[in-house]
Every structure is written in C-alpha cells, then in structure tokens.
Amino acid sequence: YDVETAVDGADGWNRVRERNFDLVISDVDMPRMTGLEFTKRIRDDQRLRDLPVVIVSYKDRSEDRLRGLEAGANHYLTKASFHDDSFVDVVVSLIGAP
C-alpha cells in the first residue's frame with residue numbers, strides 16, 4: 001500500500017479534499033480536528049461520503065466504539081487489538097490486498 005500521513009485532523013481533511021484516497025485511517029484524539037469530526041466531515045461531503053474510514057484509538061470502551069461508528073467509521077479498532085492481524089484484515093476487507 002502507498003501511505004500518506006497527515007499531521008493532524010485538519011491536515012487530513014485538507015488532503016482528502018485535494019487528492020483521491022482508497023482508505024482513511026484516523027485516530028480519535030488529534031489536534032485541530034478530532035477523528036470523529038474528521039469522519040463526520042467525510043460522510044457529509046458528497047464526493048467523499050463513500051470513502052472507507054477506519055478509526056484506531058486507545059479508547060476501548062463500548063461507548064467510544066459506538067461514537068466512532070455513529071460518526072460514520074466503517075470500523076473502530078483499538079490499539080490493543082494490534083497484536084493480531086485484525087488491522088490488516090480490516091484493510092483487506094475494505095480495499096483488497098496490495
């Protein structure tokens with residue numbers, strides 16, 4: 001996969017509007033724009049609304065997961081789940097293998 005990083009949520013928002021991406025991976029806690037707000041903006045944008053979004057966070061309460069999914073994320077993963085292949089499995093399920 002080709003990967004591009006943004007320094008914060010606002011930078012990510014600017015980038016997805018300037019270029020075409022197959023997938024967005026976002027943290028919840030970011031400066032200038034949270035991952036939840038970033039995801040909501042993607043979902044509210046006519047051109048971007050079908051762009052898959054995965055939120056990755058250290059927050060692992062069911063309420064946190066629900067907030068991420070309600071914001072429009074396709075998947076909400078906790079950083080603790082990275083000990084197995086769950087992240088790669090989610091990426092492949094959304095955009096296919098490299």
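On a 1 Å grid over the protein atoms alone, a cavity is a set of points where a 1.4 Å probe fits but cannot get out, and a residue counts as lining when it has an atom within 4 Å of a point. Grid points are joined across faces, edges and corners, and a volume is the space filled by probe spheres set on the points. With that in hand, the largest cavity here holds about 30 Å³ of space, and the count is 1 cavity of 30 Å³ or more.

Before going on, please note that this is a predicted model, in which local features need pLDDT of at least 70 and side-chain atom pairs count only at pLDDT 80 or more, while totals for chains, interfaces and linings use all residues. Residues are numbered from 1 along each chain as its sequence is written, and side-chain values use heavy atoms, with hydrogens and water left out.

Val28, Leu36, Lys59, Asp64, Arg67, Gly68 and Tyr76 line it. Helix α3 (residues 62–71) gives the most to this lining, with 3 residues; helices (H or I, at least four residues) and strands (E, at least two) are DSSP runs, numbered from the N terminus. By type, the lining of the largest cavity divides into 3 nonpolar, 1 polar and 3 charged residues. Here Ala, Val, Leu, Ile, Met, Phe, Trp, Tyr, Cys and Pro count as nonpolar, Asp, Glu, Lys and Arg as charged, and the others, Gly among them, as polar.

Next comes the largest pocket, with a volume of about 760 Å³. A pocket is an open set of grid points with protein on both sides within 12 Å along at least five of seven lines. The largest pocket is lined by 27 residues, and those nearest its centre are Val3, Glu4, Leu23, Val24 and Ile25. Two or more lining residues come from each of α1, β1 (24–27) and α4 (86–95). The lining of the largest pocket comprises 15 nonpolar, 5 polar and 7 charged residues.

Val3 sits in the segment before α1 (9–18) and is exposed, at a relative accessible area of 70% (buried is under 20%, exposed over 50%, partly exposed in between, with a 1.4 Å probe and protein chains only). Together with Tyr1, Val88, Val92 and Ile95, Val3 makes a nonpolar surface patch of about 450 Å². Patch residues have over 30% relative accessible area and no salt bridge, and nonpolar side chains (Val, Leu, Ile, Met, Phe, Trp, Tyr) are joined within 5 Å.

Side chains of opposite charge can pair when their charged atoms come close. The structure holds 10 salt bridges, each a side-chain nitrogen of Lys or Arg within 4 Å of a carboxyl oxygen of Asp or Glu. Glu4 meets Arg15 in one of them, at 2.6 Å, N to O. Arg15 lies in helix α1 and Glu4 in the segment before α1, so this pair ties together parts that are 11 residues apart in sequence. Glu4 also forms a salt bridge with Arg19, at 1.8 Å, N to O. That pair links distant parts of the chain, 15 residues apart, with Arg19 in the loop between α1 and β1. Glu4 is partly exposed at 33% relative accessibility, Arg15 is partly exposed at 24%, and Arg19 is partly exposed at 43%.

Finally, Arg41 and Glu37 meet in a salt bridge (3.2 Å, N to O). Both belong to helix α2 (residues 35–44), and because they are 4 residues apart, about one helical turn separates them.

Technical notes:
Patch = residues over 30% accessible without salt bridge, like charges linked within 9 Å, V, L, I, M, F, W, Y side chains within 5 Å. Areas by Shrake-Rupley, 256 points an atom, 1.4 Å probe, with all protein chains shown as cover.
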